[in-house]
Amino acid sequence: SNSLESALAQSAKYPISRLSLAQLLNFGEMEDPHTRLNQSCQFIQNEGLIRLAHMIQEMRTLPEEFLGEQHIKRVYNWYLESYRDILEAEQITPESTPEAGQIFTGRVRSVLRRHDATVLTFAMGFRALKQKGMLRNERYVTKYLDRFLMSRIGIRFLFNQMPFLVVVVSYAVCISATIQHIALVSPPASSLSHIDKDKGARWVGSIDRACDVCTIAYDAASNAKMLCETTHYNSPDFKIVTPNKARPIVSYVPSHLYHILFELLKNSFRAVSEHHADVSNVPPVKVVIVKGDDDLTIKVSDEGGGIPFSDVSKLFSYFYTTAETPDLDLWSESMPDMNNAPLAGNDALVTTDNRFGYGLPVSRLYARYFGGDLKVISIQGYGTDAFVFLHSVAANAQEVLPSYRPAELQYKNMHTDWMAQSSTA
């Protein structure tokens with residue numbers, strides 16, 4: 001409708017407000033739950049619309065044959081519907097009743113459920129285009145997917161974070177919120193087993209003020225090892241090394257960190273097992289964790305034979321995978337109702353990442369989301385080192401999000417780094 005188009009255009013004119021972990025933690029310290037409820041709802045009604053509008057407007061820049069593909073068009077329509085839902089909701093003000101805030105929070109949760117299948121549906125769309133020979137410029141598509149998926153991370157994090165700041169959450173709900181806000185890979189509940197039930201105050205939504213990096217790494221490595229043991233008889237052991245005496249503790253989002261480490265470790269376990277297939281005593285996978293004044297650095301090292309230098313850049317392409325690619329026709333038949341696709345479950349999520357080639361690219365996005373990065377260095381014939389860099393100071397960990405601006409959209413024609421531009425916007 002004309003009114004919807006006018007609102008979209010207006011929302012897209014506003015710049016995206018990029019939040020830091022410190023800002024989110026400070027917001028969680030507000031004592032009055034009613035005030036927190038109203039302010040969080042107000043923020044989503046403003047910032048949520050802006051982020052959705054930027055995403056929708058950039059989706060419209062896709063080639064006509066891309067946006068016309070049935071799966072991609074379905075995702076586009078989902079985002080239009082979500083924008084309309086937030087736009088038409090009752091406006092929350094400082095004087096609004098708690099009931100009004102709870103009704104709006106329920107609407108936000110409905111929006112989140114609508115988009116549970118977004119990544120799988122989008123992956124199927126682009127895979128279909130590739131099979132038809134329509135992806136003639138994979139560099140452009142990879143850049144676009146980086147921006148789209150990073151926008152999605154930012155929207156879902158915001159929509160999940162704000163409602164859970166409203167009340168003091170119970171242990172079970174806190175765990176559920178932490179896991180469910182990861183829409184691309186949902187870690188097993190065991191990955192969060194270190195959380196103390198009596199320390200709920202340290203949680204601000206899905207952020208843990210005292211995130212124990214070693215425990216997250218241990219859980220990710222244990223689960224990666226168990227996964228490897230289902231397909232390989234000689235799964236390696238692992239070692240976690242902390243050169244500094246102090247145990248590395250930071251304010252961070254545990255589920256983001258778990259996602260990154262589980263993906264890296266899963267790849268390392270598989271590489272070592274296959275490279276040493278004829279040896280019973282295989283070298284361990286090593287995880288080195290160091291917290292400095294500014295950075296938290298994690299190195300995952302393996303002796304899995306490495307890959308050619310020419311292939312390293314392909315690791316972050318959405319069209320490169322060493323896993324068997326699923327048959328799209330069979331996949332579509334098994335999930336006839338994509339509006340109710342069970343993507344929130346572990347199996348579907350892991351399959352999306354691994355078998356569609358989204359694992360490492362998405363892990364790098366999670367590392368970059370709060371200003372970090374993920375780098376891979378490989379020695380062909382020996383092994384691979386993966387480095388995860390994150391901010392150890394919450395004030396420095398600020399969202400890195402794309403926006404619908406002409407300067408950023410030049411990525412289509414040039415080798416521009418939109419992340420560097422957006423971080424200074």
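Predicted model: local features only at pLDDT ≥ 70, side-chain atom pairs only at ≥ 80, totals over all residues.
Q: What does the pLDDT say about the chain?
A: Think of pLDDT as the predictor's confidence in each residue, from 0 to 100. Here the chain averages 83, and 79% of the residues score at least 70. Over residues 167-200 the pLDDT is below 50, and this stretch has 74 contacts in the model beyond near neighbours in sequence. Residues 330-352 also stay under 50, with 43 contacts beyond four places in sequence.

Q: What share of the contacts links residues 24 or more positions apart?
A: Contacts can be sorted by how far apart the partners lie in sequence. Among contacts with a separation of 6 or more, residues 24 or more positions apart account for 80%.

Q: Which residues touch the most other members of the largest nonpolar core?
A: A nonpolar core is a set of buried residues joined through their side chains. The largest one here has 111 residues, and Phe-126, Phe-159 and Leu-265 touch the most other members. Helix 8, residues 138-161, gives this core its largest share, 12 residues.

Q: How are two packed helices described?
A: By the angle between their axes and the distance between the axes. Take helix 5 (residues 70-87) and helix 7 (residues 118-131): they pack at an angle of about 145 degrees, with their axes 7 Å apart. The crossing is left-handed. On the helix 5 side, the contact is made by His-71, Ile-72, Arg-74, Val-75, Trp-78 and Tyr-79. Helix 7 brings Thr-118, Thr-121, Phe-122, Met-124, Gly-125, Phe-126 and Leu-129. By class, these residues divide into eight nonpolar, four polar and one charged.

Q: At what angle do helix 11 and helix 15 cross?
A: The axes of helix 11 (residues 254-275) and helix 15 (residues 359-369) cross at roughly 145 degrees and come within 9 Å. This crossing is left-handed. The contact has seven nonpolar, five polar and one charged residues.

Q: Is Ser-363 buried or exposed?
A: The test is relative accessible area, and buried means under 20%. Ser-363 has a value of 0%, so Ser-363 is buried. Ser-363 sits in helix 15. Not counting residues up to four places away in sequence, Ser-363 touches His-259, Ile-260, Glu-263 and Leu-374.

Q: Why does Leu-390 count as buried?
A: The reasoning uses that cut-off again. Leu-390 counts as buried because its relative accessible area is 2%. Leu-390 lies in strand 8, residues 383-391.

Q: Which residues does Leu-390 touch?
A: Look past the residues up to four places away in sequence. Beyond these, Leu-390 touches Tyr-252, Leu-257, Asp-294, Asp-295, Leu-296, Ala-367 and Gly-372. Tyr-252 shows how sequence and space can be read together: Leu-390 and Tyr-252 are 138 residues apart in sequence and 9.3 Å apart in space, C-alpha to C-alpha.

How values were computed: Residues numbered from 1 in each chain as written. Heavy atoms only, no water. Contact = heavy atoms within 4.5 Å. Core = buried A, V, L, I, M, F, W, Y, C linked by side-chain atoms within 4.5 Å. Buried < 20%, exposed > 50% of the residue type's maximum accessible area, 1.4 Å probe, protein only. Helix = DSSP H or I, 4+ residues; strand = E, 2+ residues; numbered from the N terminus. Axes fitted to C-alpha atoms, helices over the stretch in contact; angles between N-to-C directions. Left-handed = near helix turned anticlockwise from the far one by under 90°. Nonpolar A, V, L, I, M, F, W, Y, C, P; charged D, E, K, R; others polar.
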